[in-house]
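Let's take a quick tour of this structure. Have a look at the sequence and the 3D view first, and then we'll walk through a few spots together.

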Amino acid sequence: MNVSPSEAEEALTAIRSMAQKTRQSIASSGAYITLIATGIVWLIGFMCTQFLQGVVVVYIWIGLSILGSILGVVLGMRMGKRVRSPSTAPIAKRIGLFWLLLVLYGIAAIVLARPTDGKQVTMFVILFIMLGQLAMGLLFSFSSVWWALPVTTLALVGYFLLPDIFYLWMAILGGGGMIALGLYIRSRW
Amino acid sequence: MAELNETIHQTVRLRIMAVLATLEPTDEVDFSYLRDLLEVTDGNLGAHLRKLEEAGYIAVNKTFVERKPRSFVSATPEGRRVFQEHVAALEAILKSK
């Protein structure tokens with residue numbers, strides 16, 4: 001079979017173009033939207049925690065968590081209709097069980113440690129969620145593992161060095177950072 | 001030395017393999033998703049998928065989702081190997097220019 005250099009170049013361009021289109025399509029189905037949505041939840045939630053007081057903050061977090069969960073399920077279903085992974089389907093229940101157990105372990109840790117203020121509770125929640133994210137990333141996709149590390153580091157830095165503006169710090173750098181990362185993934189892919 | 005593959009080199013089949021090779025090895029894509037991504041007709045895509053399936057480069061998994069028949073397509077390990085070899089051969093042609 002004979003292929004000229006110009007034909008080879010044309011074929012390679014077509015391959016690269018399709019690979020990019022596929023990645024963009026998959027990304028738009030879930031990855032970047034999830035990051036942006038989580039970032040918005042953190043941005044609004046932590047801003048409210050910084051500037052509002054009382055039970056209204058709890059309600060805002062509950063509302064945001066419900067909205068985030070619904071969005072996650074919708075995106076997951078949308079993604080599953082297009083691309084599916086037979087290897088992950090049988091262990092979907094185990095993933096659900098893992099997160100359930102992680103939540104229970106997190107509650108147990110908080111009850112045992114008896115945190116003295118909201119910041120400590122927030123740090124416990126962030127650490128457990130990021131631990132779960134790291135576990136998911138390590139088990140299923142190395143490409144999605146790394147962002148949990150800077151978010152955890154930012155949270156620890158804010159907690160220890162900037163306690164007075166900890167929630168604002170988490171809103172802007174944690175939430176804003178996730179939004180920026182989501183937009184970056186979208187534009188890069 | 002890497003070899004060109006005549007079956008894969010055809011434009012639509014090359015683009016099909018490029019899509020499937022971009023996915024994780026265990027992932028499979030829905031027929032309609034692939035059709036939309038490639039911007040081809042059902043008949044055209046079906047014909048090219050049959051050729052690739054006959055060559056053993058892809059696997060077509062026919063199943064039911066919510067009581068509707070659906071076909072999911074994935075690249076076989078052999079298909080991925082042959083595709084990578086084809087890409088390497090194309091790059092070698094460009095380098096030798």
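A residue counts as buried here if 20 or more other C-beta atoms lie within 10 Å of its own, and as exposed if 12 or fewer do. Keep in mind that this is a predicted model.

With that in hand, turn to helix H5 of chain A, residues 148–161. Its buried residues are A:Ala148, A:Val151, A:Ala155 and A:Gly158. Looking down the axis of H5(A), these buried residues fall within an arc of 95°, so they line one face of the helix. On the face turned away from that buried side sit the exposed residues A:Thr153, A:Phe160 and A:Leu161. The length of H5(A) works out too: at 1.5 Å a residue, its 14 residues should span 20 Å, and the end C-alpha atoms are 20 Å apart, which agrees.

Next, chain B. The axes of H2(B) (residues 11–22) and H4(B) (residues 42–54) come within 10 Å and cross at roughly 75°, which means that H2(B) is roughly perpendicular to H4(B). On the H2(B) side, B:Val12, B:Arg13 and B:Ile16 take part, meeting B:Asn44, B:His48, B:Lys51 and B:Leu52 of H4(B).

Finally, where do the chains meet? In total, 22 residues of chain A are in contact with 25 residues of chain B. On the chain A side, the largest share, 13 residues, comes from H1(A).

Here is how the two contacts split by residue class:

Definitions and conventions
Residues numbered from 1 in each chain as written. Chains lettered and ligands numbered in written order. Predicted model: local features only at pLDDT ≥ 70, side-chain atom pairs only at ≥ 80, totals over all residues. Axes fitted to C-alpha atoms, helices over the stretch in contact; angles between N-to-C directions. Helix = DSSP H or I, 4+ residues; strand = E, 2+ residues; numbered from the N terminus. Parallel < 35°, antiparallel > 145°, perpendicular 65-115°, else oblique. Contact = placed C-beta atoms within 7 Å. Expected span 1.5 Å × (residues − 1). Arc of directions from axis to C-beta.
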